[in-house]
Amino acid sequence: MVTKQYTGTAEDADLRRADSLAREIFSDVANKWALLIIEALGEHTLRFSALRNEVEGISHKMLTQNLRMLERNGLVERTVHPTVPPRVEYTLTAPGRALRGVVDGMCGWTHQYLGAIEAARRRVDA
């Protein structure tokens, strides 16, 4: 994957443009696993195995890939403690905690409109 370079201002980042770095970042974080990882980390610092237990259904491979992507985008900090075996912990950075506020809003929206969404699905699927 080619990393896009961005030299403009934040206001110039246009999600509608195919070559936009903002679109690349949005695409990275707007997947179900990334959102669930961000929600699971919350205000906690968790080890890989604890994080995997928090995000039900995620595979080792998907958790690894998403943690690397979140770290690359500066949303998660990975700390390796020099023990045998090495202890690795993950925590949200300041931008990650800010994004968690958005994720929390999405979770609230889901809970608020779950009944309406289920009813719409029943109507359409009937």
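**Helix 2 and its neighbours**

Colleague: Which residues in helix 5 do L35, I38 and E39 in helix 2 meet?
Modeller: This is a predicted model, in which local features need pLDDT of at least 70, side-chain atom pairs count only at pLDDT 80 or more, and totals for chains, interfaces and linings use all residues. Residues are numbered from 1 along each chain as its sequence is written, and side-chain values use heavy atoms, leaving out hydrogens and water. Meeting here is contact, meaning heavy atoms within 4.5 Å, and helices (H or I, at least four residues) and strands (E, at least two) are DSSP runs numbered from the N terminus. On the helix 5 side, L35, I38 and E39 meet G96, L99, R100, V103, D104, M106 and C107.

Colleague: What classes do the residues of that contact of helix 2 with helix 5 divide into?
Modeller: Ala, Val, Leu, Ile, Met, Phe, Trp, Tyr, Cys and Pro count as nonpolar, Asp, Glu, Lys and Arg as charged, and the others, Gly among them, as polar. E39 from helix 2 meets a set in helix 5 that includes R100 and D104. The whole contact comes out as 6 nonpolar, 1 polar and 3 charged.

Colleague: How do the axes of helix 2 and helix 5 cross?
Modeller: Axes are lines fitted to C-alpha atoms, for helices over the stretch in contact, with angles from 0 to 180 degrees between N-to-C directions. Helix 5 covers residues 94-125, and its axis comes within 9 Å of the helix 2 axis. The crossing angle is roughly 105 degrees, so the two helices count as roughly perpendicular (65 to 115 degrees).

Colleague: Is A40 buried or exposed?
Modeller: A40 lies in helix 2. Leaving aside residues up to four places away in sequence, A40 touches L46, L51, E54 and V55. Its relative accessibility is 12%, and under 20% relative accessible area (1.4 Å probe, protein chains only) is the cut-off. So A40 counts as buried.

Colleague: How far apart are the C-alpha atoms of A40 and A119?
Modeller: A40 belongs to helix 2. Along the chain, A40 and A119 are 79 residues apart. Between their C-alpha atoms the separation is 29 Å.

Colleague: What order do the 3 strands of the open sheet take?
Modeller: Strands pair if DSSP finds at least two bridges between them. Strand 1 (45-47) and strand 2 (76-81) are at the edges with a single partner strand each, so one side of each has no neighbour in the sheet. The twist averages 30 degrees from one strand to the next. With antiparallel pairing, the order is 1-3-2.

Colleague: How many bridges join strand 2 to strand 3?
Modeller: The two strands run antiparallel, linked by a hairpin through 5 residues. V76 has L92 as its bridge partner, and E77 has T91. The number of bridges is 6.

Colleague: Which residues does the cis peptide bond join?
Modeller: Most peptide bonds are trans. P85 has its place in the loop between strand 2 and strand 3. With omega at about -5 degrees, the cis bond joins V84 and P85.

Colleague: At what angle does helix 2 run to strand 3?
Modeller: Helix 2 comprises residues 32-41. It lies across strand 1, strand 2 and strand 3. Relative to strand 3, helix 2 runs at about 95 degrees.

Note on methods: Buried < 20%, exposed > 50% of the residue type's maximum accessible area, 1.4 Å probe, protein only. Parallel < 35°, antiparallel > 145°, perpendicular 65-115°, else oblique.
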